[in-house]
Amino acid sequence: MIELVNLHKSFGSQAVLNGLDLSVPTGKTTAVIGPSGEGKSVMLKHMIGLLTPDQGDVLVDGASILGLRRTELNRVREKFAMVFQNAALFDSMTVYENVAFPLEEKTSFSRDEINARVETALREVGLKEVNRKYPDELSGGMKKRVGLARALLLEPQIVLFDEPTTGLDPVIRRAIHQLIKETQAKFGFTAVIVSHDIPDIFEVAHHVAMLYRGEILQFGTPEEIQGSDHPVVRQFITGSLDGPINSGAA
Amino acid sequence: MTHFIRAIGRYGLSFLEELGRMGQFLLHAGYALLRQPGRPVHVLKQISFIGAKSLFVIVLTAAFTGMVLGLQGYYTLAKFGSEGLLGTAVALSLIRELGPVLSALMVTGRAGSAITAEIGIMRISEQIDALETMALDPFKYLVSPKFIAAMLSVPLLCAIFDVVGIYGGWLVGVKLLGVNPGAYFGEMYRSVLWKDIWSGMVKSYSFGVIIAWIGCYKGYYAGHGAEGVSKATTESVVLTSVLILVWDYFLTSILL
């Protein structure tokens, strides 16, 4: 279970998170939606200790991760995997080397076993014959799939997805969402997805949190969020130009 | 007036903050070097990049530096009828001063800038964050191998610089200007002491640390986007070059 308690974070004079509270249910997929620039990625980076809050607490399985020494924090991070917005593949390594990297560094598997696992991981995300390609030779969708394969290889308990479908065409977007849904169901990990993809994300997530102006405005099932009468939530999910998000009156 | 004083205060504070961060980075790098020096394959890759691939530029620079020293030294010494001391002049200039400094400046231009650009690009494309999320220490994978490679390669390149420079001076002094070859090498053997060679190596070793330190630090804290990386790369080369020259002065005054 991940809990964010009264999280505050500013960059210079710009306040990004303003007392954000969120409890992420274990073994389920939680989507965090909200307008761009509202701090969704910043929130995600707090969950895994890449950023430290100015105030508030981050609890993983009931224990705070703030102030931990690097070795202790790394022990907590063993539970996590993260799929970045731009995949964050190591650009001087091939696809094979990227996916094999966590296995080579963190396990004592033999070369044959690593080969077999990399092969399986790439096949599961629908990639074939890309082992020797470098990230800059792949399309956006392929990069995201490689990122997903790399993230899932060590069978994490929690997977954080930072806008996994941004910049992809609708078909690939749906394929990635389907992939996330299937892998979550198969491995049973806790997933947190930061996304703008309305309405696709409602099919993937068990819970949806609407983040606006640095706080969680509403949290509920996709049906509850879709049926919400809060003007900000309504405007965001309908994509209307008129409403509090544009006028700043919410 | 208060604006001016505030601006100075702000600048002073940010300067001190930067110095503190640089010091902290060096300590962390030293700690990581002892605790987790990185896999041999990563270190060898860096030795190839920082050391082997700098060889051509080092040999070229050394040859011409030695040749210029041969020319200048000959015309100066000829005024006193001491052309026989040309080998000593060339060797001492190279071993004590020019070899360590010029080889370090060449490595800074070729490899120091590339270290900053590489780590800077990894920073802005979240590759360093990706390492962190895999519970892997970026210092082990990115910083330690570069420190080890620079500390091994720069003194070796300096030694090559010295030897090639001495033969550059020999080519001009002995082959073109007619200095006695026996005098060129004989005087050199008599005048160059182990202490001179040792002081050159100590300098070179510390310059290796400076190149890796500033190169990695500037990349690790690169700003946003391509502009951030380009600014970090420029700052890295300038700061490393200045630090090498300043540190050279202090080290010379200690080692003399």
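Start with chain B and follow it along its sequence: the pattern reads α-α-α-α-α-α-α-α-α. Chain B has 9 helices and 0 strands. Keep in mind that this is a predicted model.

**Stop 1: chain B as a whole**

Along its principal axes, the trace spans about 65 × 55 × 30 Å. Now colour by burial. Of the 256 residues in chain B, 43% are buried. Next, think about which parts of the sequence meet. Take the contacts in chain B between residues at least 6 apart in sequence: 88% of them join residues at least 24 apart.

**Stop 2: two helices of chain B**

Select helix H1 (residues 2-35) of chain B and helix H6 (residues 138-176) of chain B. Two packed helices are described by the angle between their axes and the distance between the axes. What are the angle and the distance for this pair? The angle is about 90 degrees, and the axes lie 9 Å apart. H1(B) and H6(B) are therefore roughly perpendicular to each other.

Now show the side chains at the contact. On the H1(B) side, pick His28(B), Ala29(B), Ala32(B) and Leu33(B). On the H6(B) side, pick Phe139(B), Lys140(B), Val143(B), Ser144(B), Phe147(B) and Ile148(B). Sort the residues of this contact by type, and you get 7 nonpolar, 2 polar and 1 charged.

**Stop 3**

Check its backbone: phi of Ala135(B) is near 60 degrees, a positive value in a residue other than glycine.

**Stop 3: across to chain A**

Show both chains together. Here, 11 residues of chain B are in contact with 15 residues of chain A. On the chain B side, the touching residues divide into 4 nonpolar, 3 polar and 4 charged.

**Stop 4: chain A as a whole**

How many helices and strands does chain A have? The count is 10 helices and 10 strands. The radius of gyration of chain A is 18 Å, close to the 18 Å that the globule rule gives for 250 residues, so chain A is as compact as a globular protein of that length. Its C-alpha trace spans about 60 × 45 × 35 Å along the principal axes.

Colour chain A by burial too. Buried residues make up 40% of its 250 residues. For contacts in chain A with a separation of 6 or more, 64% come from residues 24 or more positions apart.

**Stop 5: the domains of chain A**

Domain 1 takes in 1-79 + 175-250, and domain 2 takes in 86-155. Their C-alpha centres lie 27 Å apart. The contact between them takes 4 residues from domain 1 and 6 residues from domain 2. On the domain 1 side, the touching residues are 3 nonpolar, 1 polar and no charged.

**Stop 6: Ala121(A)**

Zoom in on helix H4 (residues 111-124) of chain A and pick Ala121(A). This residue has 21 C-beta neighbours inside 10 Å, so Ala121(A) counts as buried. What does Ala121(A) touch, not counting residues up to four places away in sequence? Select Val99(A), Ala149(A), Leu152(A) and Leu153(A). Then draw a distance line from Ala121(A) to Val146(A). Their C-alpha atoms are separated by 8.8 Å, though the two residues are 25 residues apart along the chain.

**Stop 7: two loops of chain A**

Go to the loop between strand E8 (190-195) and helix H7 (200-204) of chain A, where Pro199(A) lies. Look at the peptide bond from Ile198(A) to Pro199(A). The bond is cis, with omega near 5 degrees.

Finish at Arg213(A), in the loop between strand E9 (207-212) and strand E10 (215-220) of chain A. Phi of Arg213(A) is near 50 degrees, a positive value in a residue other than glycine. With 18 C-beta neighbours inside 10 Å, Arg213(A) counts as partly exposed.

How values were computed. Residues are numbered from 1 along each chain as its sequence is written. Chains are lettered from A and ligands numbered from 1 in the order in which they are written. This is a predicted model: local features need pLDDT of at least 70, side-chain atom pairs count only at pLDDT 80 or more; totals for chains, interfaces and linings use all residues. Two residues are in contact if their C-beta atoms, placed from the backbone, lie within 7 Å. Ala, Val, Leu, Ile, Met, Phe, Trp, Tyr, Cys and Pro count as nonpolar, Asp, Glu, Lys and Arg as charged, and the others, Gly among them, as polar. Axes are lines fitted to C-alpha atoms, for helices over the stretch in contact, and angles run from 0 to 180 degrees between N-to-C directions. Helices (H or I, at least four residues) and strands (E, at least two) are DSSP runs, numbered from the N terminus. Angles under 35 degrees count as roughly parallel, over 145 as roughly antiparallel, 65 to 115 as roughly perpendicular and the rest as oblique. Domain bounds come from an automatic or database domain assignment. The radius of gyration is taken over C-alpha atoms; the globule rule is 2.2 Å times the number of residues to the power 0.38. A residue is buried if 20 or more other C-beta atoms lie within 10 Å of its own, exposed if 12 or fewer, and partly exposed in between; C-beta atoms are placed from the backbone.
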